[in-house]
Amino acid sequence: MTIFRPKYITFDCHGTLIHFQMAEAARDLYGDRLGEAEMQQFIKDFSAYRLDEVMHDWKPYAEVVHNALSRTCKRNGVAFKDEDAVMVYERVPTWGPHADVPAGLAKVAKEIPLVILSNAMNSQIMSNVAKLGAPFHAVYTAEQAQAYKPHFKAFEYLFDMLGCGPEDILHVSSSFRYDLMSAHDLGIKNKVWVNRGHEPANPYYGYTEISDISGLAGVVGL
């Protein structure tokens, strides 16, 4: 079996590397007003509305959070305040990595350049990246690309900045809807799905599954 050694390993950041804590933020805000079943539905809706918000033309992520939270509150009959959205947005750069990430990245960073393609803002992303414990060749954001994933434009910006094509990279993500479906459609044949438990498997999209980043070195033969 031939092991693919990419020119770059590209990563989604929040959710894949960083422990994405939107659900926890929502619980802190509304947990005392909603029963557990209602809270779980609220969290599900908040996730769906965030995805819907990034499907439009690029706008600052603070607006994505504000609009998604406002719409979620309206759908669930919960009073919304602007300062609630500000609180959620300002938490984003404080989040750190999943426990498996620093050591897992360190295994591959010495041999293959690592790159992030994130939906985060320029002003926030480096605070998260600094907590990952590994060197990155480049960090690209939706703000730079003027497009959020899953838009193809975000990935095309990555290719242009790296001077490479879809055949040159291994893309790593825990999300099909934000990353791996678009990667498939753009011809990125080498993909890794990190099964963090927030989306079901979908073998149609052609990937190697790992349970966490500790398994990444084995995928590239290290």
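Which residues does phenylalanine 11 touch, not counting residues up to four places away in sequence? In this predicted model, the contacts of phenylalanine 11 are Leu17, Leu105, Leu114, Val115, Ile116, Leu117, Phe136, His171, Val172 and Leu216.

Phe11 belongs to the largest nonpolar core, which has 55 residues. Phe11 is among the residues with the most contacts inside this core, together with Ile9, Leu105, Phe136 and Leu216. Helix α2 (residues 36-54) gives the most to the core, with seven residues. Two domains contribute: at least three residues come from each of domain 1 (6-17 + 94-218) and domain 2 (20-92).

Aromatic pairs number 11 in the structure. One of them joins phenylalanine 176 and tryptophan 193, with ring centres 5.1 Å apart and planes at 45°, so the pair is tilted. Phenylalanine 176 lies in helix α9 (residues 176-185) and tryptophan 193 in strand β5 (residues 191-194), so this pair ties together parts 17 residues apart in sequence. Both residues are buried.

Phenylalanine 176 also pairs with tyrosine 205. This pair is tilted, at 6.4 Å centre to centre and 45° between the planes. Tyrosine 205 sits in the loop between β5 and β6 (208-210), so its pairing with phenylalanine 176 in helix α9 links parts 29 residues apart in sequence. Tyrosine 205 is buried, as is phenylalanine 176. Ring pairs link Phe176, Trp193, Tyr204, Tyr205 and Tyr207 into a cluster.

A charge also sits over a ring: arginine 50 lies over the face of phenylalanine 46, at 4.5 Å from the ring centre.

Terms used. Residues numbered from 1 in each chain as written. Predicted model: local features only at pLDDT ≥ 70, side-chain atom pairs only at ≥ 80, totals over all residues. Heavy atoms only, no water. Core = buried A, V, L, I, M, F, W, Y, C linked by side-chain atoms within 4.5 Å. Buried < 20%, exposed > 50% of the residue type's maximum accessible area, 1.4 Å probe, protein only. Helix = DSSP H or I, 4+ residues; strand = E, 2+ residues; numbered from the N terminus. Domains from an automatic or database assignment. Contact = heavy atoms within 4.5 Å. Phe/Tyr/Trp six-rings, centres within 6.5 Å; stacked < 30°, edge-to-face > 60°. Lys NZ or Arg CZ within 6 Å of the ring centre and 35° of its normal.
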